[in-house]
Structure formats: C-alpha cells, structure tokens
Amino acid sequence: MNAYRVAVTDYGFPNLIPEKGILEPLGFTFVTGQCRTAEEVAELCRDADAVLTQWAPVTADAIRAFTRCRVIVRYGIGVDNVDLEAARERGIPVVNVPDYAVQEVADHTLALTLAIVRKIPRVVEQVRKGRWDIAPCRPIMGLQDKTFGVAGFGNIARAVAKRAKAFGMKVIGYDPYVEAAAFAEHGVEKVEWDALLAMSDIVSVHMPLTPDTRRKFDVEAFRRMKPTSFLVNTSRGGTVDTQALVHALRDGEIAGAALDVLELEPIPEDHPLLGMEQCIVTSHCAWYSEQSMLRLQEYAALEIKRLFTGEKLRHVVNGVRV
C-alpha cells in the first residue's frame with residue numbers, strides 16, 4: 001500500500017474521525033496543527049501529499065514551501081485564505097466544498113430575516129424585563145407580498161428563494177453570471193443591480209468574495225435601498241462595507257440588518273453594530289448543524305480520495321486540471 005501524508009492545517013471539529021475513516025484505508029497518515037501563520041502552515045505541510053485547511057493562511061510563501069502537495073482542500077465554500085494563483089502556478093488544484101450546508105444556510109437566512117423584520121430579539125428582551133405589549137416595537141412590517149431580493153443566484157440563493165416564496169413574497173435576483181432562464185426556472189425575476197436595491201424590501205446577500213464583489217454594498221448601494229428595507233448577509237463578510245452599513249443604519253437609510261458574517265471576525269465587543277437595536281449579529285454559524293459538520297468533513301476527505309484513486313475532482317476553483 002502506498003504511504004501518503006495529509007496535513008490538516010487547522011480545524012474546529014471535535015475530531016477527525018470522518019476524514020481518517022475515508023483516507024487511512026488508502027494509506028494516508030495524518031499530521032495536524034492549529035496553524036495561525038503562513039510560517040506554521042509551511043512547516044506543517046512541507047512534505048504533505050494533500051492539505052486540508054479551514055482558516056489558516058495558505059499564502060504564496062507557504063505554498064512555495066510545499067514539496068509534494070497534489071491538492072489543497074478548503075473546509076467550506078469560500079477560499080479566501082488560500083492563494084489561488086500561487087497554487088495554480090505550482091499546478092496544485094484548490095478544491096472547495098460548496099454543497100455541504102445549502103439547506104442550513106438557507107434556513108439561517110430566513111431565520112435572520114424573520115428575527116430582524118419581526119424584531120424578535122427586541123420583543124423577547126422586553127418580555128424578560130416585564131413588559132407585555134401585544135403590538136410591540138412598532139412598526140413591524142408584514143412579509144406577505146413584499147419583495148425579497150437575492151444578490152447572487154447560486155445553490156444557496158435558490159434554496160432561500162424557495163423559502164421566501166413560501167412566505168408569500170415576490171422574489172427577484174441579481175447575478176450577472178446566471179442566465180435569465182435559470183432565474184425563471186425557479187420562479188425568480190432577474191433584475192439589474194440598481195433595480196435589486198431599489199425594489200427589494202429585503203436584500204439577502206449570496207455572493208462569493210471576489211475583487212468585483214468586495215464591499216459591493218457600499219455607501220452608494222445603501223443610498224439606493226428603501227429606507228424601510230433590510231439587509232441580510234449569510235455569505236461573505238467582505239461583500240459589505242461595514243462602516244457604510246453603520247452609517248446607513250444610524251442615518252435611517254435602511255431599516256435594519258441581520259448579519260452572520262462580517263469583514264472582521266470575531267466582531268469586537270465594542271463595535272457600534274452590537275449597540276444598535278436595528279441590527280442583529282450571529283457568529284458565522286449559518287453553516288452549522290451536526291449533520292452538516294459531518295458532511296463537510298466527509299466531503300472534504302472524499303475530494304482527496306478522488307484524486308488519489310484516479311477519479312475526477314468535483315469542485316476545482318483555481319482552474320488546475322488533473
């Protein structure tokens with residue numbers, strides 16, 4: 001049996017039993033760390049045949065130190081922590097796992113929408129303080145016949161659209177890379193960026209973080225939104241200019257925001273967003289359920305298995321063909 005080594009740069013799981021169950025029978029041994037610097041990544045992964053990474057900085061310098069690596073697999077959808085170009089130059093495919101938590105993120109998106117629109121955290125806090133008001137925190141907007149806009153139209157956005165339609169909302173969407181026919185197939189009207197902002201009562205962000213989408217929601221974007229509208233973000237924190245959002249909420253340019261992701265994580269305890277009643281923040285946990293966590297570990301390990309057993313990789317994100 002061949003002897004391979006897989007390096008796990010860092011992980012937040014209770015254990016690596018799922019990965020080991022898939023890869024050890026193929027002759028893999030594991031080296032693990034909780035790397036926080038590129039230097040630590042380079043040292044741990046220097047002689048690895050495959051790399052599994054969650055948040056550690058897999059930079060160009062780290063990748064140049066790899067001597068045997070044939071694949072880098074990111075636990076999750078985004079690959080912000082991996083230098084894709086450096087890996088491409090070395091002929092190393094970078095693979096993500098985009099399909100492990102579609103339903104969980106969609107559920108969380110609607111949960112955040114309901115919580116911020118219905119002002120549930122504020123009402124709960126009032127009840128805890130002894131205030132019983134049957135029409136609290138006025139005004140509260142009903143969802144029936146409102147317009148729900150999705151920015152981006154991948155698998156998660158489509159699952160969110162299905163849920164929003166079940167609440168009686170009209171769904172519109174913006175994605176320059178998706179044909180109008182694909183929107184129509186899901187009962188969603190394709191619109192341009194300015195129309196999405198102007199028409200939506202709720203804007204839900206489902207964009208990858210790229211140079212084109214970084215801080216896409218900026219000062220100008222918030223000015224184009226309705227003053228009664230809400231922003232929900234369960235995709236990438238960097239798609240929203242945090243300072244612009246703070247000002248938009250303070251100045252009443254939008255009615256509220258519900259965020260699971262931010263530009264800087266974890267959010268500082270004294271951040272102004274945490275002091276705003278019209279903003280709720282969760283801890284980048286939209287992906288999580290016990291089932292999705294196991295799927296993430298299994299799907300990531302299966303990508304390595306595919307490469308080393310001659311199968312085709314499913315989700316190469318940096319264009320390297322193997």
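**The segment after H12**

Reply: Start with Val-316. Beyond its neighbours within four places in sequence, Val-316 is in contact with Pro-93, Val-94 and Val-95. This is a predicted model. Val-316 itself sits in the segment that follows helix H12, residues 290-308. Take Pro-93 as one partner. Val-316 and Pro-93 are 223 residues apart in sequence, yet their C-alpha atoms lie 6.1 Å apart in space. How accessible is Val-316? Its relative accessibility is 30%, so Val-316 counts as partly exposed, because buried would need a value under 20% and exposed one over 50%.

Now the charged pair. Arg-314 forms a salt bridge with Asp-99, and the closest N and O atoms are 3.0 Å apart. This pair links distant parts of the chain: Arg-314 lies in the segment after H12, while Asp-99 lies in the loop between strand S5 (94-95) and helix H5 (102-117). The two residues are 215 apart. Arg-314 has a relative accessible area of 38%, so it is partly exposed. Asp-99 is at 26% relative accessibility and therefore also partly exposed.

The pair does not stand alone. Asp-99 and Arg-314 belong to a network of salt bridges that also includes Glu-303 and Arg-306.

For context, the structure holds 19 salt bridges.

One is Arg-215 with Glu-263. Their side chains meet in a salt bridge at 2.6 Å, N to O. Arg-215 is in the loop between strand S9 (202-205) and helix H10 (219-224), and Glu-263 is in the loop between strand S11 (256-259) and strand S12 (279-281), so the pair ties together parts that are 48 residues apart in sequence. Arg-215 has a relative accessible area of 42%, which means partly exposed. Glu-263, at 32% relative accessibility, also counts as partly exposed.

The other is Asp-61 with Arg-64. Their closest N and O atoms are 2.4 Å apart in a salt bridge. Both residues lie in helix H3 (residues 60-65); they are three residues apart, so about one helical turn separates them. Asp-61 counts as exposed because its relative accessibility is 55%. Arg-64 is exposed too, with a relative accessible area of 53%.

Val-316 contacts Pro-93, Val-94 and Val-95, and Arg-314 forms a salt bridge with Asp-99.

Notes
Residues numbered from 1 in each chain as written. Predicted model: local features only at pLDDT ≥ 70, side-chain atom pairs only at ≥ 80, totals over all residues. Heavy atoms only, no water. Helix = DSSP H or I, 4+ residues; strand = E, 2+ residues; numbered from the N terminus. Buried < 20%, exposed > 50% of the residue type's maximum accessible area, 1.4 Å probe, protein only. Contact = heavy atoms within 4.5 Å. Salt bridge = Lys/Arg side-chain N within 4 Å of Asp/Glu carboxyl O.
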